[in-house]
Amino acid sequence: MSDGREHYDEINALVAAIAKALGLPDEQVATEIEAGAITLSLGEDDNANRCIDVQRGDVRAQVYQGAIRHASPDGETGGDAGGESGQG
């Protein structure tokens, strides 16, 4: 990286994965994370796979390295969507 910021590419990939999971533009996701409207927490699924739990209102999703698991508003997980997120 020429601008000296650490983990810039990883953060961009994470924001892009969250945007894909929520069906929102990247810029809106970044703004809503900063404002606290989207919350992130480290999580683990039933198979002990580590992920990032994402919540925006009553919409929840799990973001994994290379995949996104969408969830319904009541918290039940939906299908996995392969991703080119590449976060680590």
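Guide: Two strands pair if DSSP finds at least two bridges between them, and a strand is itself a DSSP run (E, at least two residues), just as a helix is one (H or I, at least four residues), both numbered from the N terminus. This is a predicted model, in which local features need pLDDT of at least 70 and side-chain atom pairs count only at pLDDT 80 or more, while totals for chains, interfaces and linings use all residues. Residues are numbered from 1 along each chain as its sequence is written, and side-chain values use heavy atoms, leaving out hydrogens and water.

Visitor: Which elements does the protein have, and in what order do they run?
Guide: There are two helices and five strands, and from the N terminus on they follow the order α-α-β-β-β-β-β.

Visitor: What makes β2 and β3 a pair of strands?
Guide: Strand β2 (residues 50–56) and strand β3 (residues 59–64) are joined by five bridges and run antiparallel, and because at least two bridges are needed, they pair. Among the partners, Gln 55 is bridged to Arg 60 in β3, and Ile 52 has Val 63 of β3 as its bridge partner. The two strands form a hairpin with two residues between them, and Gly 57 in the turn has a positive phi of about 65°.

Visitor: How do you know that β1 pairs with β2?
Guide: Seven bridges join strand β1 (residues 38–44) to β2, and these strands run antiparallel; Ser 41, for example, has Asp 53 in β2 as its bridge partner. Their hairpin has five residues between the strands, and in it Ala 48 takes a positive phi near 65°.

Visitor: Why is Ala 16 called partly exposed?
Guide: Buried means under 20% relative accessible area and exposed means over 50%, with partly exposed in between (1.4 Å probe, protein chains only). Ala 16 has 31%, and therefore counts as partly exposed. This residue lies in helix α1 (residues 8–22), where Leu 14, Val 15, Ala 17 and Ile 18 are among the buried residues. The C-alpha atoms of Ala 16 and Asp 26, 10 residues apart along the chain, are separated by 5.7 Å.

Visitor: What makes a set of residues a nonpolar core, and how many residues has the largest one here?
Guide: Such a core is a set of buried Ala, Val, Leu, Ile, Met, Phe, Trp, Tyr and Cys residues joined through side-chain atoms within 4.5 Å. The largest has 15 residues, and those with the most contacts inside it include Leu 14, Ile 18, Val 29 and Val 63. While α1, β2 and β3 each supply at least two residues of this core, its largest share, seven residues, comes from α1.

Visitor: Which residues does Val 29 touch?
Guide: Taking contact to mean heavy atoms within 4.5 Å, and not counting residues up to four places away in sequence, Val 29 touches Val 15, Ile 18, Ala 19, Leu 24 and Ile 38.
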